[in-house]
Each structure stands twice: as structure tokens, then as C-alpha cells.
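Open the model in your viewer and keep the selection tool at hand. Each stop below tells you what to pick and what is there.

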Amino acid sequence: MEIKIFTSENAKQFADIVKDIARQTASIPDVPEGVNEAVFGCKRVNGVLTYGWYQASLVQVKPFSYYATHLDELGPILNQHYVGAIDLSKIWKVGDVMENIPLSSIAASSLGGDAQSAQNIDLVILDFNHDDKTDGSGKAAVTLGQKDLLLASGNFYSSYDVRDYAKYFDSARKTWLNSNYKSALPSELQSLIKSVNKVTGYPTNSDNSQTTKTTSEDCWLPSNWEVFGSNYSSYTSIADGTQYPYYASQSNRIKKIGKTGSNTAWWTRSGYWINLFVGKGARFVLCDSDGLQSGAFAESRDGLAPCFCL
């Protein structure tokens, strides 16, 4: 930690407060949680001389909810985190929410049927320092996800009869998320999004077997392991990511259509293949309306809860 001593009004006041501390054998208070660089000083408030730690030249960090209506103030806060002056994981917490972020209307993917009308979304903190930035410079400060689902549901492919239709990274959905969805976010957020590496499970040519592929993503759907932290029965045989702490609670995995609709199943990006006489085909793991693991064919239309990093 870098500690600077200064006087906020004049040297005499600082000398007086040091003498006062010595007389009272008072202890210097702890530096505020999450602040790695601070200054110790004194100031007069209503005629009373007080002393303590101040962030001085740092921008004061507000509760996460505050930035819902002050998105333009997020940039300086994130910059302070990335230079090591503050640690946002000690100031905000997993589960904090920014409400009513405006999302512009979104054109449908090439699959069709999933055009989004303009809507407000709530963004929740899934974790801190979780995802690796694609540029190799370390972890992204914070991962955000939609607390609930987009108004229109969607699918990955128009069919499910070949194994390739269980590959998220080749799907129209991936393209739609990184372009259409990202472009609909407020410009203040778009400029702060960090590209991160995401690991995605998909089926091999052997039954009940998976492998993974790593891709760079700006906006994405969470994986099976990022949501549930475990394999889905025998169908998913490999870990594709680590669980976000927010999703460790089943209640947090229950999502509504929009902010006020009914509880609805929603997609992860983890694909698998079932080779059964009944039900054969390409599928993706989903979270059902009770917050539990399930799966559905790649052409099924289910809920969408995108994520991104700042």
C-alpha cells in the first residue's frame, strides 16, 4: 500500500491533530476496505478538527446500484481497479444489481423469431476477477449477467440431427450475442466491455463424450459448469469453466421472461449429443424453471440470459 501524509487545510492543523493523537494514545483508524492507496489527513467540520483516511485524488466508489443511472461514471472506477488503487471485490459484492438498464431493440438472428423489442434489463454481479482477458493482461474486474431473461426466447440451430448442431461456437446465437446484443447495450457499457476467453463443451464423435474449445467473447451465454458447477448426468463429461458464485444458489438460477413474466427455462452454451432411438440428436444444457439442470434440442426456443465482463 502507498501511504501519503498531507494537510487538508494547513500544517498547523496537522501538527495539532498529531499532538492530540499522542495525548489520547488514540489509534489510527483502519484504511477503508477495498482501498489500496489512501492518504491520512485532517479537516475541520463544524468547528471540530477531525482526522482519518481519505481517498484524496481517487474517485469515490458508490454502491453498484448507483451506476444504473450514472453509467458514464463507471469508467474511472474500473480504471482505478485496473491500476491497483482499489479492489472492487472488497467494495461491491456478488449479487449486487443495477436495475433498469435500457436495451435498444435488437434485430433477429439469422434463425429468426428472436427479435427483441426495446426493454429494460437488470444486471447482476456474478463474480470478480473470474474471467481471463483475451489480451493476456489478467482477469476482468467484474462479470455481469442478466438477472432475468430477454423478452423473446431463442435457439441455437434450426435443426438437431447432426453433431455439429451442438457447437455453440459455430452457431448463429454466438454471432448474434457478440454483435446484435452488444450493440443494443448503452454505449457507455459497450466501451467498457472486455473480451475474455470462454471454454465451451461440445460432443466428440463418441457417444456421451465431450471435448472443449476456447474462444474470445464479448457477450456470451454462461456454460453448464459456470451455472451448475457439475456435469449434467453422463451427457456432459468435461468441465467447461468454473461456477460463478452467484449461481451457486438455486434460487438465483430461477429467471423470468422479462422482469415480470413467468419463470422460464434458459440456455447455457454447453452442447452434447444423445444417441438414443428416441430423442437422438444435438442438445444443449439448460436451466429449467426451477433452477435445476436439464437439456433440450438445439432447435428448441428457450430463455436467453447473456453475460459480459467489464
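Select Trp273 and Ala282. Ala282 lies in strand 11 and is the bridge partner of Trp273. Now widen the selection to strand 10, residues 266–274, and strand 11, residues 281–287. These two strands pair in the antiparallel sense, over 6 bridges. Is strand 10 enclosed or open to the outside? Color its residues by burial: 9 of the 9 are buried, so strand 10 is largely enclosed by the rest of the structure.

**Zoom out**

Show the whole chain. This is a predicted model. The protein has 5 helices and 13 strands. Its 310 residues include 48% that are buried. The accessible area is about 13,600 Å², and carbon and sulfur atoms account for 48% of it. Next, think about contacts between residues at least 6 apart in sequence: 64% of them join residues at least 24 apart.

Strand 4 covers residues 97–103. Strand 4 meets strand 5 through 5 bridges, again in the antiparallel sense. Pick Pro102 and look across: Asn120 of strand 5 stands opposite.

Most residues other than glycine have a negative phi. Two stops here go the other way.

Select Asn100. Its phi is positive, about 55°, although the residue is not a glycine. Asn100 is placed in strand 4. With a relative accessibility of 40%, Asn100 counts as partly exposed.

Now select Asn129. This residue is in the loop between strand 5 (119–128) and strand 6. The phi of Asn129 is also positive, near 50°. Asn129 is partly exposed too, at a relative accessible area of 33%.

**Helix 2**

Select residues 74–82, which make up helix 2. Which of its residues are buried? They are Leu74, Gly75, Ile77, Leu78, Gln80 and His81. An α-helix has 3.6 residues a turn, so residues three or four places apart point the same way. Show what lies around the buried residues of helix 2. They pack against strand 4, strand 6 (142–146) and helix 4 (187–190).

Zoom in on Ile77, a member of helix 2. Its relative accessibility is 0%, so Ile77 counts as buried. Leave out residues up to four places away in sequence, then list what Ile77 touches: Val59, Gln60, Val61, Tyr67, Ile86, Leu88 and Trp92. Draw a distance from Ile77 to Val59. Their C-alpha atoms are 6.7 Å apart, while the residues are 18 apart in sequence.

Gly84 follows helix 2 and has a positive phi, near 90°.

Select Thr212, which has its place in strand 8, residues 210–217. Is Thr212 buried or partly exposed? Its relative accessibility is 28%, so Thr212 counts as partly exposed. Set aside the neighbours within four places in sequence. The contacts of Thr212 are then Val199, Thr200, Gly201, Tyr202, Ile238, Ala239 and Asp240.

**The largest pocket**

Keep Val199 and Asp240 selected. Both are among the residues that line the largest pocket. Rolling a probe the size of a water molecule over the atoms shows where empty space is left. How much space lies in the largest pocket? There is about 170 Å³.

Color the lining by type. It divides into 7 charged, 4 polar and 1 nonpolar. Which strand gives the most to this lining? Strand 7, residues 196–203, does, with 3 residues.

Key:
Residues numbered from 1 in each chain as written. Predicted model: local features only at pLDDT ≥ 70, side-chain atom pairs only at ≥ 80, totals over all residues. Heavy atoms only, no water. Helix = DSSP H or I, 4+ residues; strand = E, 2+ residues; numbered from the N terminus. Buried < 20%, exposed > 50% of the residue type's maximum accessible area, 1.4 Å probe, protein only. Contact = heavy atoms within 4.5 Å. Areas by Shrake-Rupley, 256 points an atom, 1.4 Å probe, with all protein chains shown as cover. 1 Å grid on protein atoms, 1.4 Å probe; cavity = no way out; pocket = protein on both sides within 12 Å on 5 of 7 lines; lining within 4 Å. Points joined across faces, edges and corners; volume = space filled by probe spheres on them. Nonpolar A, V, L, I, M, F, W, Y, C, P; charged D, E, K, R; others polar. Pairing = 2+ DSSP bridges.
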